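Have a look at the picture, then read on.

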Amino acid sequence: MSELSQAAVKATAPRALRKINTRALMIEGRALLALLLIVVVFSLLSPNFLSADNLIVMTRHVAMNAILAIGMLLVILNGGIDLSVGSIVGLSGVIAGMLLEGLKLNSLDLFVYPAVWVVIVVSLGVGTLAGWVNGVVVTRLKVAPFIATLGMLYVARGIALLITNGTPFSKLNGQAGLGNTGFLTFLKSSPLGLPMPVWAMILFAVVFAVVLSKSPFGRWLYATGGNERAAELSGVPVKKVKTRIYVLSGLCAAAVGLLLTADLSSATPAAGEFFELNAIAAVVIGGAALSGGRGTIRGTLIGAFVIGFLVDGLVLVGVSQFWQQIIKGAVIIIAVALDQLQQTLQKRRSAKAALSPPKPSERMTAPV
Amino acid sequence: MFREAASPDRSDVVLRAVDITKHYGATQALKGVNFEVHRGKVTVLFGENGAGKSTLMKIIAGVESPTSGHLELDGERIELSSPNQAVERGISIIHQELNLCPNMSVRDNIFIGRERRGLFGTVDYRGERKVVQRLMERLEEDIDPNTLVADLRIGQQQIVEIARALALDARILIMDEPTSALSAPEAEVLFKVIKDLTGNGVAIVYISHHLEEAIEISDHAVVFRDGELVATADAADIDLSWVVGKMVGRAAEYDFRDAERDRGDVALSIRNLKVVDATGEGRLAVNDVSLDVRYGEIVCLYGLMGAGRTELVEALAGRGGIASGRVELGGRDLSGTSIAERIDLGIGLVPEDRQRDGLVQSMSVGQNLSLSSLLELTRSFVVSSFISRGREAARIRDGISEVRVKTAGPAAPITSLSGGNQQKVVIGKMLLTGPKVLLLDEPTRGIDVGAKGEIFSLLFREARKGLAVLYVTSEIGEAITASHRIVVMSKGRVIREFDPRTASREEIMAASGESEVGIQPMGTASE
């Protein structure tokens, strides 16, 4: 009996594997097709679209949304949502700006100018901390993720506004004498011709793709998103996983905060407003299910490129900002509607396939 | 077959299913079934789980549409694309699962989707209430129409489900396991109602796992096996052994009473355990239970639904709060440990509801199998936080062959498996963690007899290697044939212990308090 089933396993495993991969490919393939369509249409409309310079500029725009979307994907894989990432972008940027301009210690009546690496670490730390608070509120206080992160959206933005008192920090160059130069030059540099945000995107994408596919944490994340109760009874540390994803989402947002601050050469408290929505859109276009358990880094990246290239392309060919919004919205809805349609078709097709009589080799392995 | 329908001597056939097939993905649930329902008669469907009975009933009730074939009502071909269309034609169904809104009252549930209209199109609550009161009188149940369904116990919820179907005044009434949560007196009332209905010309289609009960009330018997209708007979001509023989089609009886028993030291020791009922009200679901399970021993927890068995095993697994008491695993106190830590220490639960608590439906067979032991499968050096693909694959292969899962491969979606094989995956997942004690809550629910036998032989095999097993069951036959010791629980307490080799069914069932439960009015409001 066991030999039989084992033989069956060996015989049919590659086919089953291929089936699953084609399915994943089709979901991503749809987004990829959309991306291709965008590239073709805009390169026909504007000769500049496909120029190397423009591609780099666009990818640079895509990069920040992509990093946010990677963090968002983690949260969405769990079945949650993180509305606070845009505000965390603003907050961590403001923290960096404040530290670069010099921290005034009233009691000692002196200014402290931390080194650039300290600035980066502290800013990332603040974003991560905000994410941790999200995670704790969701797991310990059992507040729904939508509400918990909605609250953080206001709180983080409020703190950024308090710190700046409404006016941006713009002296981010530092002074050689104080030893805090290099923030802008480092983050605005382009090693090997690629801007820093693009490198950051590549780094985040590779690291998280590996974590999701190879680490127990990644598997736990898919499991909790697929069926949290079953995961918990299987010994998956559900709360730890959940807290961690909000922490990581906060970290991603803080990184974007730094990159954006450098990009704008100014730390403004309003930076990153509505970024969370673009991030969610990228994740969804990339084929992730909002109910959790389904989605990939690759798909999310493609989703971010679809949105970024679409918006930049529309700008390039001179479509008004108002129309841009309408088109972007329509693309998001169409993407998800297609996803649903495809799943329906898939079910119908497998039903049809089952109608044809099974081959003798399949009979044995057919469910009983 | 259906040409015969025109002949006058068969005019009592109200409904006919012709050459019905049904596919769910790759699974063929029905393979060309022809089936008749007779006016004023009870037609009983026999068959193991997964034989296709429920699927056929869903098709007749308009819940599912057949892949091919059609239905004839009074000799006329009909198409049902929704349950409402079936109801309009006088076909209603009492589903196996409860389909009630717990946040709404009994009255609202009974009239859901077809509210009575009063003045200006508002809901006629008073009229609805009267109807519900009459239904409850008929079912001899003291439930106020305004009671929230969430406040009723499961048996009463099933009564509400029955009342809802009765409220439709159907000509054809399908009952899919209507008595599964009912007490004996409640079931008696239902049988009276059925007699009443057939007397008025209503055709009843009845499905039950209680074979004796079903034979008793049937006029016609129909047996399903593997999606095919394999036998029909008049009730007068059949008996239990005929039904079982047709259902199984082969001798698949299992009996482990004579299995050798090597008992070791105490593996699991429970002392004065109390668990508070999760639904609140300060009731104790488990009340002062003390129990030892030894290595190599298989202990069966028998009792009625709501006896506190599920709460007990869930508390042992680390889910839900323990009010007081002490649990030791191999001498180590388990207090304050999480589910994950307990699995590490060697005690895991195979939960009652496979779909809700046991499986991650979005993952593959292999991923489900390895889910509990991922940390052991990480690489031993260099990057210790990553899963070793080779070791995982080997572990999954071992798991699949050890619990004998029939699957297209480790990468196949878990949803492509039959119920029995899914359950083997859930059990395999726990066995791969190398447990000392395995807890199983209704491990054979919704599984065909063949798979049941396989699961128990697996458990007895593991027990011989020293595994301690504590499992919950509501099937008396199973309790007797597949355990070393039977512990009967009732109302949160351990009532008695039995040796399955010497105890009789009657003794055990009496100890579980089967005959007195229905009398207690629990949660029935009396406004």
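## Chain B at a glance

Of the 527 residues in chain B, 47% are buried. Bear in mind that this is a predicted model. The chain carries 17 helices and 20 strands.

## Three domains

Chain B splits into domain 1 (2-248), domain 2 (258-346 + 435-527) and domain 3 (358-434). So much for the bounds; what about spacing? Going by C-alpha atoms, the centres of domain 1 and domain 2 of chain B are 33 Å apart.

## The six-stranded sheet

One open sheet in chain B is worth a look: its 6 strands come in the order β16-β17-β18-β13-β19-β20, and the pairing is mixed. The edges belong to β16 (347-350) and β20 (493-498) of chain B; each has a single partner strand, so one side of each has no neighbour in the sheet. From one strand to the next, the twist averages 20°.

Zoom in on one pair. Strands β13 (residues 298-303) and β18 (residues 468-473) of chain B run parallel and are joined by 5 bridges. As one example of a bridge partner, B:C300 has B:Y471 in β18(B).

Helix α9 (residues 309-317) of chain B lies across β13, β16, β17 (437-441), β18 and β19 (485-490) of chain B. Relative to β16(B), helix α9 of chain B runs at about 140°.

## Nonpolar cores

Which residues have the most contacts inside the largest nonpolar core? They are A:I67, A:L68 and B:L439, in a core of 187 residues. Helix α10 (residues 238-264) of chain A gives this core its largest share, 16 residues. On the chain B side, domain 2 (258-346 + 435-527) and domain 3 (358-434) each supply at least three residues.

A:L68 makes a handy entry point. Setting aside neighbours within four places in sequence, A:L68 is in contact with A:V85, A:C252, A:A253, A:V256, A:F275 and A:A279.

Methods: Residues are numbered from 1 along each chain as its sequence is written. Chains are lettered from A and ligands numbered from 1 in the order in which they are written. This is a predicted model: local features need pLDDT of at least 70, side-chain atom pairs count only at pLDDT 80 or more; totals for chains, interfaces and linings use all residues. Two strands pair if DSSP finds at least two bridges between them. Helices (H or I, at least four residues) and strands (E, at least two) are DSSP runs, numbered from the N terminus. Axes are lines fitted to C-alpha atoms, for helices over the stretch in contact, and angles run from 0 to 180 degrees between N-to-C directions. Two residues are in contact if their C-beta atoms, placed from the backbone, lie within 7 Å. A nonpolar core is a set of buried Ala, Val, Leu, Ile, Met, Phe, Trp, Tyr and Cys residues joined through C-beta atoms within 7 Å. A residue is buried if 20 or more other C-beta atoms lie within 10 Å of its own, exposed if 12 or fewer, and partly exposed in between; C-beta atoms are placed from the backbone. Domain bounds come from an automatic or database domain assignment.
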